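Welcome, and please open your viewer. We will go from stop to stop, picking out residues and looking at what sits around them.

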Amino acid sequence: MRPKKTILCVDDNEHILSVRTFLLETRGYRVVAVGNAQEALDIISHSLPGTLDLLLTDLIMAQMDGNELVRRAKELHPTLPAMIVSGTVTAYDRACRADVFLPKGASSPAELLERIRILVARKRGPKKYSLPSAVLDSSHSIAAAS
């Protein structure tokens, strides 16, 4: 049996979060559901790279929006796939760091699940190369200084 893929699901609307959690869990995903971006960042910062398979977040949230959450999450785990779902669509909102952007009203649950399946499969793919940890540490220090 294949291990379940873990999705960190973030939304400040409890109803949407519970519906999305139910949808994903009934399709065999393990879901870590949180109600705000700061809690999500705490989970990401304490998880080992590769233990989370996808970050799924709402765009408009109090304190920190989905774009900022994705930006900070990718600083912590650059290979973590991210998907933003939002009810508002503007050119600025689409120009985010997420791998996929889906407008809430214009996408069906089936489309959401298909996009998630593709992102998780892409993450699972073979690694092209691996750098020694000393190289990664020095490049992280350079990136942090920028």
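How many residues apart in helix α3 are Arg 71 and Glu 75? They are four residues apart, which means a separation of about one helical turn. Before you select them, note that this is a predicted model: local features need pLDDT of at least 70, side-chain atom pairs count only at pLDDT 80 or more, and totals for chains, interfaces and linings use all residues. Residues are numbered from 1 along each chain as its sequence is written, and side-chain values use heavy atoms, with hydrogens and water left out.

**Stop 1: helix α3**

Select Arg 71 and Glu 75. They form a salt bridge, with the closest N and O atoms 2.5 Å apart (the term means a side-chain nitrogen of Lys or Arg within 4 Å of a carboxyl oxygen of Asp or Glu). Arg 71 is partly exposed at 26% relative accessible area, and Glu 75 is partly exposed at 45%. Here buried means under 20% relative accessible area, exposed over 50%, and partly exposed in between, using a 1.4 Å probe and protein chains only.

Helices (H or I, at least four residues) and strands (E, at least two) are DSSP runs, numbered from the N terminus. With all four residues on screen, you are looking at a network of salt bridges linking Glu 68, Arg 71, Arg 72 and Glu 75.

**Stop 2: out to a loop**

Next, pick Lys 74 and Asp 99. Their closest N and O atoms are 3.1 Å apart, in another salt bridge. This one links distant parts of the chain: Lys 74 is in helix α3, while Asp 99 is 25 residues away in the loop between α4 (91-94) and β5 (100-103). Lys 74 is buried at 16% relative accessibility, whereas Asp 99 is partly exposed at 39%.

**Stop 3: strand β4**

Select residues 82-86, strand β4, where five of five residues are buried. Ala 82, Ile 84 and Ser 86 point one way, and Met 83 and Val 85 point the other.

Bring in the neighbours. β3 (residues 54-58) runs parallel to β4 and is joined to it by four bridges; two strands pair if DSSP finds at least two bridges between them. Look for Thr 57, whose bridge partner in β4 is Ile 84. Four bridges also join β4 to β5, again parallel, and Ser 86 has Pro 103 as its bridge partner in β5.
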